[in-house]
Amino acid sequence: MFSVLRVPKLGRVWAGQFVSMVGDGVYTVTVALYLLHRDDAPRALGTLLAATALGGIVTLLLGGAVADRTRRSLVICTADLLRILGVAALLLAGPDASIGLLAFLGLVFGCGAGVHRPAYTALIAQLAGRDRRREASALRAATSRFTGIVGPVAGGAVAAASSPGAGLLINIATFVFSMATLVRLDEPHPGSAADGLAKAGLVREALDGVAYVRGHGWMLAVMLQGSAQAALVIAPMAVVVPLVIGDRGPAALGLVTGATACGALVATLVAPRIRSRRTGTVAMLGLLCELPQIATVWAGAPTVWVVLCSVCAGAGSSVFAVLWGAALQDRTPDSMLGRVFALDALLTQALVPVCVAAAGLLLGVLSVSVITAFAGCALILTVVAVLPMSGVSTLGSPSKEGSTTGSVP
């Protein structure tokens with residue numbers, strides 16, 4: 001996996017994004033601590049985070065279109081600049097900033113994140129080349145998992161040693177470092193005439209990305225499956241697990257969270273070596289590895305069993321992420337990568353905020369066992385429903401099924 005860093009320019013981009021993602025983890029902890037002293041801290045933080053999520057969702061498709069019509073390094077720099085402005089404005093306004101201003105700054109930060117994600121994903125795939133895209137997908141996933149562990153820990157340490165404001169300054173510095181690594185990168189332009197990218201406006205280009213995915217049935221089926229799973233499985237479990245395990249003490253919750261992250265990190269190192277005639281089947285079986293964790297929470301099993309099953313859940317979800325990401329990269333022309341990745345992210349994320357809120361409300365009416373049982377059944381049904389569809393079991397590989405489904409035109 002790490003050998004892909006020897007690809008010219010890719011190692012340089014990865015280094016900048018690694019530092020930037022650590023900064024994102026620092027931000028998630030320090031921004032909460034920054035607003036904590038307010039009398040309306042839950043409302044203030046909730047408003048900021050909700051606005052950030054909304055900004056990220058509404059800009060994903062257009063961000064993907066932008067990433068497919070101009071140099072992706074410039075798009076990432078623009079996204080970094082937006083987030084620098086958002087964090088800097090928050091520091092200048094102070095922790096007692098009005099709710100309206102927090103909502104606006106959250107939107108700015110979220111728009112930057114929404115523009116950044118498809119551009120970064122597409123740039124890594126573009127620089128890796130088609131021969132190394134599985135390794136690049138695994139490296140990207142491993143980086144996300146690792147920085148998701150290191151960043152929050154670093155943020156807590158900085159806040160404890162200095163102040164939450166210092167953590168926000170560090171976040172700004174990581175964006176500056178990211179931009180510095182992208183200066184004069186001079187990567188190939190993704191929207192050349194040879195790729196047939198029509199300059200008909202961002203909205204039209206975004207819709208072209210949707211049409212491309214619709215024309216590849218297996219791709220749309222897996223994306224819709226991901227949307228259903230995020231809404232019906234991931235969202236309710238994101239509420240249930242902290243509440244159930246958190247009642248056993250902070251140490252128990254920390255063990256479960258860390259076990260999931262560690263399982264995911266290890267799996268991203270192994271997944272690129274998986275070779276199967278039916279990678280889609282392997283990927284879907286990876287998703288089913290979440291069932292033991294759901295079952296242990298449903299049964300109120302001892303913490304040690306929940307921890308062990310959380311390792312399995314994290315590993316399975318990462319196997320799916322690596323194989324699915326590599327398949328998208330392999331089957332999508334470079335000129336479409338940004339829009340396809342943006343649509344995938346949009347379908348996965350769009351319903352999560354609403355479903356998380358709904359799960360919180362339902363916990364006041366229904367028992368934990370009912371909600372976890374529903375999540376387990378939904379996981380099984382979404383996998384069983386999509387796996388028989390044409391092209392899904394091989395993730396669109398024509399050579400495995402003897403058809404052209406999912407081929408790149």
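Close-up A. F109 is buried, at a relative accessible area of 7%, where buried denotes under 20%, exposed over 50% and partly exposed the range in between (1.4 Å probe, protein chains only). The structure is a predicted model, in which local features need pLDDT of at least 70 and side-chain atom pairs count only at pLDDT 80 or more, while totals for chains, interfaces and linings use all residues. Residues are numbered from 1 along each chain as its sequence is written, and side-chain values use heavy atoms, with hydrogens and water left out. Since Y27 belongs to helix α1 (residues 10-35) and F109 to helix α4 (residues 99-128), the pair ties together parts 82 residues apart in sequence. Helices are DSSP runs (H or I, at least four residues), numbered from the N terminus. Y27 is also buried, with a relative accessible area of 7%.

**Close-up B. F320 and W324 in helix α12.** With ring centres 6.4 Å apart and planes at 15°, F320 and W324 form a stacked pair. The two residues are four apart in helix α12 (residues 303-331), so about one helical turn separates them. F320 is buried at 14% relative accessibility, and W324 is buried at 6%.

**Close-up C. Further contacts of aromatic rings.** W14, F18 and F146 are linked into a cluster by ring pairs. The charged end of R140 sits over the ring of F341, 5.9 Å from its centre; this term requires NZ of Lys or CZ of Arg within 6 Å of the ring centre and within 35 degrees of the ring normal.

Close-up D. C77 counts as buried, at 14% relative accessibility. C312 is in no disulfide, and the nearest cysteine sulfur, that of C289, is 4.1 Å away. C312 is partly exposed, with a relative accessible area of 28%.

Notes: A disulfide is a pair of cysteine sulfur atoms within 2.5 Å. Rings of Phe, Tyr and Trp (its six-membered ring) pair if their centres lie within 6.5 Å; planes under 30 degrees apart count as stacked, over 60 as edge-to-face and the rest as tilted.
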